[in-house]
Each structure stands twice: as structure tokens, then as C-alpha cells.
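Subject: Structure handover

Hello,

Here is the structure for you to open. Please keep it on screen while you read the notes below.

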Amino acid sequence: MKIVYFAKCTDIGPSSRYRIVQYLPYLRSRGLDVTVKPLFGATYFWLLTWRAKWLQVVAKAIYVPVRFFKRAVDLLPLGHVDVIVIEGQLFPYCPATIERLLVRLKRKIVIELDDAIYLTRFHQRKIPALLRIASGAIVGNQTLAQYAQAFTDDVIVVPTVVDTDRFRPAESSTVHPHQSEVMTIVWVGLAYNLPYLELLAPTIRELQRTDRVRFRVISSRPPRLPGLEVDFTPWTFGSEVEELQRCHIGVMPLPNDEWARGKCGLKLLQYMAVGLAVVASPVGVNREIVQDGANGFWAQTEDEWHSRLLSLCRDSTLRVRMGQVARRTVEERYSLRVWGPRLAEEYRNLANREKNPGAECGAVCSGLKG
């Protein structure tokens with residue numbers, strides 16, 4: 001069976017890396033011929049780090065049309081394909097003309113969503129149009145599934161997962177560190193999500209005033225958090241696991257809005273896979289990943305953030321126990337080893353099903369919640 005996956009990015013982009021690239025060995029080992037055709041590469045993410053917005057706009061105005069032309073070329077020699085999977089859309093901020101043409105040419109297209117892109121102004125009309133003409137959708141959580149089900153019957157929930165053979169606890173980690181050790185609280189993510197750290201800044205400032213706390217931010221550029229001591233670490237693929245292993249607690253603050261509810265909790269899974277205790281806003285999929293008090297803590301108010309983080313900083317037994325339970329959670333429910341074979345089977349099912357299979361979708365959606 002042949003599948004062509006039109007990804008947003010090369011493996012430099014976290015969405016494409018975790019939604020398709022990491023699955024390739026599993027898919028190919030099960031007889032699926034999968035070709036990934038990315039739209040953007042490392043250059044695009046490099047442009048996003050430029051401070052001068054006007055220069056960034058000029059550079060993107062040159063780079064994006066070149067990449068659009070490359071995608072148009074990639075569409076020409078498709079030949080026989082059983083399923084075309086499109087991560088979001090073929091041409092961002094353009095009408096769905098090419099996707100409609102593919103459907104008229106009897107191509108089976110599937111739309112993949114791992115964030116609430118449909119909330120942005122231009123996409124409020126485009127994404128529903130894509131879902132209506134598609135044979136189905138693959139989404140990263142139940143919030144996205146509920147949205148997609150309004151436009152297409154065949155919706156499959158495949159959570160974002162991590163490779164637990166790669167993301168694993170450090171072998172030399174100290175189980176019960178000395179009380180005087182500096183506690184490292186970590187946040188990892190793309191630069192455009194740095195504003196979420198403002199929700200946490202007052203708590204970190206207070207912890208740094210009373211305790212020995214280091215706040216590490218792993219991203220493409222440092223945050224602007226006045227009055228806060230930040231240990232900024234540039235993200236690289238080669239170092240991301242080791243950098244997380246050197247930390248003690250992972251955090252994921254989010255506002256309780258519709259965009260945040262569409263997120264898939266990747267950073268939480270990365271923290272938990274390396275055995276970190278976690279504190280997260282109970283928003284969207286975070287409520288499914290974190291069982292409050294078991295494998296991590298929920299925190300909504302500033303007081304809750306402070307008390308949860310302070311408890312973990314000062315109680316090494318609690319911190320280690322939660323980290324161990326967190327690791328087991330990822331191994332059992334959110335690991336590539338578990339979901340690799342499942343995704344291969346779902347791709348086969350998509351290729352064999354007719355458009356809008358109706359009742360069958362209910363079984364598929366409910367069967368993939370775990």
C-alpha cells in the first residue's frame with residue numbers, strides 16, 4: 001500500500017517529526033510504502049527567530065513562494081497512491097483549490113490536525129471545507145475530534161507520542177539528591193509559545209527568592225521575563241533529551257482558552273518520559289495525560305502553582321515517585337512502541353474504507369481514546 005504524506009516541515013518541525021517522521025520505521029516494517037513530502041525546512045524556523053519583524057517578513061516573502069513551487073512540483077508525479085495524508089493544508093493561506101482538484105481526480109485525501117488552526121481568521125472557512133471533501137481526519141486529541149466530527153464522519157484520534165527508547169531517564173540520575181541541591185524547573189517549546197511563561201513568572205520569582213531554584217528554558221530564543229533569572233538553553237535535536245535529563249521538574253502553563261485546549265501535550269510527554277515530575281494547567285489533553293496527585297500535579301491559580309512546585313522542590317521522595325509513575329504512564333499510553341503498529345493499521349483501514357463510513361467511525365474514535 002502506498003501513502004504520500006504532505007507534511008508541514010521536515011523533521012526539524014516538532015509537529016511533523018512527531019506526527020509522521022518518527023513513525024516511518026514502524027510503517028515501513030509493516031509493508032506500507034510511505035513517502036513524506038515536507039513544505040518547509042530548517043530555514044523557515046530560522047527566519048522565525050529574527051528579531052527585526054520587517055526583515056522577517058521580507059525574507060518569508062521570498063522563501064515561501066519558492067517552497068510553494070516545490071510543493072506544486074511534488075504534486076505532479078504522484079502516480080498510484082492509496083491515501084494522501086495532508087498535515088493541515090497543502091498551501092497555507094491559499095484557497096483549497098488543489099485539494100478539491102485531487103478529490104475530483106478520485107484521490108483519497110485525509111486531513112491531519114494536531115492544533116486548533118481552524119480558530120485563525122482565514123482558516124475558519126478553509127478547514128471545514130477541507131474536512132468536508134476529505135475521506136477522513138486524523139486528530140491529536142478529543143477537542144480536535146469533536147470539531148472535526150461536525151464536518152466528516154471518519155475521525156481517528158491518534159495522540160502525539162514519544163519514542164521511549166530515546167526519551168528515557170538518565171542512568172546516572174541521583175534518586176535522593178541532597179536538600180541543598182539546586183532544583184531545575186524546565187520548560188521546552190517553540191518560541192511563539194514563550195508568552196505562556198508569563199503565567200508562571202510570578203511563581204518562579206517567588207521560588208527563586210526563597211529556595212535554590214533554576215528556571216531552564218529550552219527554545220530557539222530566550223524569553224523576555226523581567227526580574228526572573230532564566231537559564232536559557234538553545235534547542236537542538238541532538239541535545240534535547242540530555243538537557244531534560246539534567247532537570248527535576250517539568251512545567252506546562254496554559255490559559256484556559258479554545259486554542260490551548262487544542263494542544264496535544266507534547267512537552268508534558270517529553271518531561272514524563274525522562275522521569276520528571278510535572279506540573280501542568282488542567283487544560284485540554286493535559287487533564288488526560290496528568291492524573292492529579294499520581295503522576296504529576298494540576299495547577300490553575302498562582303497559589304496552586306507555588307504550592308505544587310514548592311512541594312516537589314523540597315520533597316525528593318515525592319518528586320522521584322511521581323517521576324517514576326509519569327514514566328510508566330508514557331510507556332503504557334503515549335509511546336511510539338504502542339502507537340506505531342496502531343497507526344499502521346489505521347492507515348490500512350483508511351485505504352480500504354469508503355468515504356463517510358458512518359457508524360464505523362464511532363467505533364474507531366472510541367477505540368483510539370486510550
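Buried means under 20% relative accessible area, exposed means over 50%, and partly exposed lies in between (1.4 Å probe, protein chains only). Helices (H or I, at least four residues) and strands (E, at least two) are DSSP runs, numbered from the N terminus.

Helix α6 itself spans residues 123-133. Its buried residues are H123, K126, I127, P128, A129, L130 and L131.

**How to read the model**

This is a predicted model, where local features need pLDDT of at least 70, side-chain atom pairs count only at pLDDT 80 or more, and totals for chains, interfaces and linings use all residues. Residues are numbered from 1 along each chain as its sequence is written, and side-chain values use heavy atoms, with hydrogens and water left out.

**Salt bridges**

Side chains of opposite charge can pair when their charged atoms come close. A salt bridge is a side-chain nitrogen of Lys or Arg within 4 Å of a carboxyl oxygen of Asp or Glu. How many salt bridges does the structure hold? There are 11. Three of them follow.

Start with D114 and K8. Their closest N and O atoms are 3.8 Å apart. This pair links distant parts of the chain, 106 residues apart. D114 sits in the loop between β4 and α6, and K8 sits in strand β1 (residues 2-9). D114 counts as buried because its relative accessibility is 15%. K8 is at 26%, so K8 counts as partly exposed.

Next, D74 and K70. Their closest N and O atoms are 3.0 Å apart. Both lie in helix α4 (residues 53-75). They are four residues apart, so about one helical turn separates them. Is D74 buried or exposed? D74 is buried, at 9% relative accessibility. K70 is partly exposed, at 36%.

Last, D231 and R216. Their side chains meet in a salt bridge of 2.9 Å, N to O. D231 lies in strand β9 (residues 230-234) and R216 in strand β8 (residues 213-219), so the pair ties together parts that are 15 residues apart in sequence. D231 has 25% relative accessibility and counts as partly exposed. R216 is buried, with a relative accessible area of 3%.

One network to look up: K8, D114 and D115 are joined by salt bridges that share partners.

Best wishes
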